[in-house]
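I opened my notebook to look up the charged pairs in this structure. I wanted the rule clear before the pairs.

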Amino acid sequence: IAPKTNPIELYGTLDRKSVAGPLRPAQEAILSEWYTKRRRDKDLVIKLHTGEGKTLVGLLILQSFLNSKEGPCLYICPNKYLVRQVCSEANKFGIPFCTFDEGNEIPNDFLSGSKVLITHVQKVFNGRSIFGINNSYVKTGVVLLDDSHACIDTIKSAFTISINRNESVEIYSKILTLFEDGDYNTFMTVPYWNWDNKKTEVLKILSAANAKENKQIYYAWPLIRDQIRNYCCYISGTKIEIVPYNVNICAFSSFSRAKHRILMSATTQDDSFFVKGLDFSLEAVKNPLWNVNQKWSGEK
C-alpha cells in the first residue's frame with residue numbers, strides 16, 4: 001500500500017504512544033487547508049497560537065512530503081533544548097526522525113529521504129556549516145524553521161564578526177590603528193568612505209586571524225571574505241563589530257534553494273524580516289496559513 005500523503009489520514013496510520021489522542025480542531029484545520037490548497041507553495045508561513053500544537057503540524061507536513069518522495073526534509077529549531085523537545089514529540093506521535101550523533105555526520109536516513117532530520121539553527125547557518133555554503137551544498141526538498149523569529153538572531157549573528165578587546169587584543173588594536181582618526185570612546189560607526197579605503201587591510205588582518213582559527217572570526221570568515229563591501233564597522237573602547245547591511249541568506253543554499261521553505265511563527269509577531277532577511281516572497285508573508293475558525297487572538 002502506498003504511504004498516505006494527506007497528513008490527517010497519515011496521522012491515523014502512525015504507531016502512536018497511547019497518550020497521544022486525536023488531532024485538535026486547530027491542527028486539522030491547518031493541515032486540511034495546507035493539503036488541499038497550499039502544499040505546492042515554495043514559500044509558506046504558518047501562524048499558530050502558542051499551545052496549539054504547531055510542532056506536530058510541522059512534523060506531519062514534513063512526513064507528508066517524505067511520503068510523496070519530496071525529501072530530504074529538515075526541521076530546524078532555535079536551540080538544542082528545543083531539538084530535544086521536538087524529538088520527544090516525534091517519538092510520542094510515531095514519526096520517524098534522525099538527529100546528528102557525536103560523529104557529526106549528516107545521517108543517511110535524511111539524505112535518502114526516509115526520515116525527517118531534526119536539528120538546531122546554528123548547525124545549518126554558520127560559515128562552516130556541515131550543509132555547505134554557496135554552490136557546494138547539501139540539496140534539500142523541504143526546510144522548516146520552527147519558531148522562526150527566535151532563529152533570526154542566530155542567522156544574523158552568523159554573518160557578524162565581533163572582536164572583543166579582552167579576548168583578541170592584537171586584532172582589536174590592529175583594526176583600531178587603521179581608523180585612528182575617530183573618537184571611539186562610545187560605539188561609533190566607521191565612516192563609509194574610511195571603511196571603503198581600508199577594507200583591503202581589514203581583510204588581511206581578518207584573514208591572518210582566521211588562519212589561526214580565532215573563534216571570533218573563524219565561523220563568519222567564509223561568509224564575509226567576498227562580501228566585505230556590503231559590510232559596515234562599529235568600534236568602541238571594548239569591541240569591534242563588523243556587520244552586513246543585509247544578511248546574504250542565499251549563501252545558505254540548503255535553505256535558499258530548497259523546493260519548499262516553511263516558517264512557523266506565533267500569531268502576534270511581525271513577519272516583515274522574512275522578506276528582507278530570509279528572501280521570502282512578499283505574497284507568502286501577506287498570506288500566511290492560519291486557522292480561520294479561531295475566534296480569539298493573542299498569547300496565553
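I began with the term itself. A salt bridge is a side-chain nitrogen of Lys or Arg within 4 Å of a carboxyl oxygen of Asp or Glu. I also noted that this is a predicted model.

**Entry: the helix pair**

I looked up glutamate 33 and lysine 37. Their closest N and O atoms are 3.7 Å apart, and the cut-off is 4 Å, so the pair counts as a salt bridge. Where do glutamate 33 and lysine 37 lie? I found both in helix 2, which covers residues 25–38. They are four residues apart there, so about one helical turn separates them.

Next I checked the cover on each partner. Glutamate 33 is partly exposed, at a relative accessible area of 30%. Lysine 37 has 59% relative accessibility and counts as exposed, because exposed means over 50%.

**Entry: lysine 54 and aspartate 146**

I then looked up lysine 54. This residue forms a salt bridge with aspartate 146, with 2.7 Å between the closest N and O atoms. Lysine 54 sits in helix 3 (residues 54–67). Aspartate 146 sits in the loop between strand 7 (142–145) and helix 7 (148–158). The two parts are 92 residues apart in sequence, so the pair ties them together.

Is aspartate 146 buried or exposed? I read 6% relative accessibility for aspartate 146, so this residue counts as buried, the limit being under 20%.

**Entry: lysine 215 and glutamate 167**

I looked up one more pair. Lysine 215 and glutamate 167 meet through their side chains in a salt bridge, at 3.3 Å from N to O. This pair links distant parts of the chain, 48 residues apart. Lysine 215 belongs to helix 10 (residues 215–218). Glutamate 167 belongs to the loop between strand 8 (161–164) and helix 8 (169–178). Lysine 215 is exposed, with a relative accessible area of 61%.

**Entry: the whole chain**

How many salt bridges does the rule give? I wrote down 11. I also noted 37 positive and 31 negative charges in the protein chain, with mean positions 3 Å apart.

I stepped back to the fold. The protein chain has 14 helices and 13 strands. Its C-alpha trace spans about 70 × 45 × 30 Å along the principal axes. Of its 300 residues, 52% are buried. I looked at contacts between residues at least 6 apart in sequence, and 74% of them join residues at least 24 apart. The accessible surface comes to about 14900 Å², and carbon and sulfur atoms hold 49% of this area.

Definitions and conventions: Residues numbered from 1 in each chain as written. Predicted model: local features only at pLDDT ≥ 70, side-chain atom pairs only at ≥ 80, totals over all residues. Heavy atoms only, no water. Buried < 20%, exposed > 50% of the residue type's maximum accessible area, 1.4 Å probe, protein only. Contact = heavy atoms within 4.5 Å. Areas by Shrake-Rupley, 256 points an atom, 1.4 Å probe, with all protein chains shown as cover. Lys, Arg positive; Asp, Glu negative; His and termini not counted. Charge placed at Lys NZ, Arg CZ, Asp CG, Glu CD.
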